[in-house]
Amino acid sequence: MSDHQSYVLRTIEERRVRLVRLWFTDVLGQLKSVAISPVELETAFEDGVQFDGSAIDGFSRVQETDVLAIPDASSFQLMSWGDGGEMSARIFCDLANLDGTPFEGDPRQVLRRNLAKAHDAGFDLMCAPEVEFFYFGSSDASGALEPLDRASYFDLTTFDASSDIRRATIQRLEAIGIPVEYSFHEDAPSQHEIDLRYTDALSMADNLMTLRLVVREVALEHGVHATFMPKPMAGVQGSGMHTHLSLWSGEGNAFHDPDAENQLSELGQQFIAGLLTHAPEITAVTNQLVNSYKRLVPGFEAPVHVSWARSNRSALVRLPVPKRGKESSGTRLEYRALDPACNPYLAYSVILAAGLAGIERGYRLEEEASANMFELSEQERKDKGITLLPTSLSDALDRMEGSELVREALGEHIFEWFLRNKRSEWNDYKAHVTQFELDRYFGTW
Amino acid sequence: MEPLLIYPDPPPADLIRSLDMAGHGHQAVSDESTALAGTWSGAIICAEDDGEAAFAFARSIRTGDAPIAPLLLLIRGNQLADLDGRHEIFDDFCVTPFHPVEFEARLKHLLVRGGLTDMGDEVINYGDLVLNVETYQAIIGGRPLDLTYMEYELLKFLSANPGRVFTRETLLSRVWGYEYYGGARTVDVHIRRLRAKLGEEYAPLIQTVRSVGYRFGESRWSS
């Protein structure tokens, strides 16, 4: 038994933990949980916990139903709230086939595989996301949505009722080891942002799964509803999840070169070129809902064009200026397409694959986009060779379907299932008659 | 820690030698008013030479508003019968001539039971932090910390070496013990998680030492 495992077992005994929640994630990025009693955990470490995977979206075909959940002791965390004041704990699991090989339908295993591949090539990915979300008075969306306030970017007003909820959320996140760098009221009414401090991509994906749960739980305790839906209200900004990325090689930041222009190393340039080249193919994964594409429209600080820039916020990839004296550790890039309704394990997998393709194949980075993309005419954009991100889920799926890079990064099983599932979502949407159509056509035609 | 009160003054030489060896501070006192005016981590009363006077002294410092405790009585074997009816004036006794190891063990037991000292290697104390090496548990300001294994190991290493500055590389090799996935950034990431869990009040216990690494607690060179 490893030191991690004995620590977990001892802590469970000392702290009188009554329930151990085994967490894993389905292909769409929904958190799943199996609770076991503490006495079962030692066996679970050794043999895993067997369950019927066919009941979970995207997991197994019916004829090969059972999978094993193997708790990852390093992700053990006590949760001293909920469960009626009793101490409980969670552990993320890796899913395996009954013969012990990684289960190809498990997004966490997919990210592990992609990170291991990068590690073998000498790189480790660090991520720091900026998570945006909304609070509403109720989870019922059938009537008009009620934002909790009318405040805006950085506002600090006595009317900002949601800042108490946000504060309670941050305290809880920090108590379970998810450090928060900033948090503030975002641009839209009742919209908030929580920026997490960087950590390795696997821990960050775990953290994001936890964050979505904590944000919603705390909101519920305050009688409100939190949503990570990318565009809940037309006419105001949607919720994105801009993510800062850096690649580390041994002890050094592979994106930093003190002698290069902008101190961005050749590797960093190639990584950005990889992201830009493959951005349209990976967008279905980073923006997986029909609704995601209502955020990716001009006029709301969301990227629409495939371009990069240092400070231009209409760009898809931004190169933030590091704090003075912190260039060697602070040189990073920001990928701005992601939204908080993605599956972070899969999104980080395809982002890493796209960036690494740029390095492996030595892509050349084009000039940065200095002008505001939205002010250029279509012809001017074409002349500059600037392409568009997919404009709908259907469009994004078409681009993904032809992508060897995404197929390789996700693995055959998830790639095929994801396309099938999302095509069906698109078909349901296509057949739906919306309020927009009724308002626009019902009376006049 | 406050000194131990010793009676009588001058005290027996072998007692002083044992206390010095064990690293306990001490001060000999011959009258009750001096004893009651001071603050002590405990008292050792030697009754070998004048039993009656020693018992009277012990009784006087155990009555009143602020009784001195714990109290260890040193007596000769032929005085054991004198303990009858006097159990309220002492917490433990040791027969003289004592074996230094037995004396030290009894004293340590009294001080641990009174919460006045740690249990040697099993508990690390620093300010409001108590870290139990035996049970893997850490408490700050009375609140248990919900740590992961690596956070616990890192805090244990830092708090066992307060005031010392460690580079990321040293921490990586001493705490993680092998070439770890993510390298020295792993240390930064874990330090941030630890600070987050310590909370606003205690986060400054872990100081960043610019372009060197990290230090737990006050610098050994500050006053």
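In what order do the three strands of the open sheet with antiparallel pairing in chain B stand? The order is S10-S12-S11 (chain B). The model described here is predicted; local features need pLDDT of at least 70, side-chain atom pairs count only at pLDDT 80 or more, and totals for chains, interfaces and linings use all residues. Residues are numbered from 1 along each chain as its sequence is written, while chains are lettered from A and ligands numbered from 1 in the order in which they are written.

Strands of a sheet pair through backbone hydrogen bonds, either parallel or antiparallel. Helices (H or I, at least four residues) and strands (E, at least two) are DSSP runs, numbered from the N terminus, and two strands pair if DSSP finds at least two bridges between them. In the three-stranded sheet of chain B, strand S10 (165-167) and strand S11 (206-209) are the edge strands, each pairing on one side only. Neighbouring strands of this sheet are turned against each other by 30 degrees on average, direction ignored; axes are lines fitted to C-alpha atoms, for helices over the stretch in contact, and angles run from 0 to 180 degrees between N-to-C directions. S10(B) is joined by three bridges to strand S12 (residues 213-216) of chain B, and the two run antiparallel. Within this sheet, Thr167(B) stands opposite Gly213(B) in S12(B).

Chain B also contains an open sheet of five strands, with parallel pairing and the order S2-S1-S3-S4-S5. Its edge strands, pairing on one side only, are strand S2 (26-28) and strand S5 (92-96) of chain B. From one strand to the next, the twist averages 20 degrees. Five bridges pair strand S4 (residues 71-76) of chain B with S5(B) in the parallel sense, and Thr96(B) in S5(B) is the bridge partner of Arg76(B). Helix H3 (residues 51-62) of chain B packs on the sheet, where it touches strand S1 (4-7), strand S3 (42-46) and S4 of chain B, and its direction makes about 160 degrees with that of S3(B). Contact between two residues requires that their C-beta atoms, placed from the backbone, lie within 7 Å. Helix H4 (residues 100-113) of chain B lies across S3, S4 and S5 of chain B and runs at about 170 degrees to S5(B).

Most residues other than glycine have a negative phi, and most peptide bonds are trans. In chain B, the peptide bond from Thr96(B) to Pro97(B) is cis, with omega near -5 degrees; Pro97(B) is found in the loop between S5 and H4 of chain B. A cis peptide bond also joins Asp9(B) and Pro10(B), with omega about 0 degrees, and Pro10(B) lies in the loop between S1 and helix H1 (13-22) of chain B. In chain A, Glu301(A) is not a glycine but has a positive phi of about 60 degrees; its place is in the loop between helix H7 (292-295) and strand S14 (308-309) of chain A.

Chain A is divided into domain 1 (3-98) and domain 2 (113-439), the bounds coming from an automatic or database domain assignment. The C-alpha centres of the two domains lie 28 Å apart, and their contact takes 11 residues from domain 1 and 14 residues from domain 2 of chain A. The side of domain 1 that touches domain 2 has six nonpolar, five polar and no charged residues; Ala, Val, Leu, Ile, Met, Phe, Trp, Tyr, Cys and Pro count as nonpolar, Asp, Glu, Lys and Arg as charged, and the others, Gly among them, as polar.

Two helix pairs were examined in chain A. The axes of helix H11 (residues 393-401) and helix H13 (residues 412-430) of chain A come within 10 Å and cross at roughly 155 degrees. H11(A) is therefore roughly antiparallel to H13(A), since angles under 35 degrees count as roughly parallel, over 145 as roughly antiparallel, 65 to 115 as roughly perpendicular and the rest as oblique. The residues of this contact divide into five nonpolar, one polar and three charged. For helix H3 (residues 107-120) and helix H5 (residues 201-221) of chain A, the axes come within 10 Å and cross at roughly 155 degrees. In this pair, Leu111(A), Arg112(A) and Leu115(A) of H3(A) meet Ala201(A), Leu202(A) and Ala205(A) of H5(A).

Between the chains, 26 residues of chain A are in contact with 19 residues of chain B. H1(A) supplies six residues, the largest share of the side of chain A that touches chain B.
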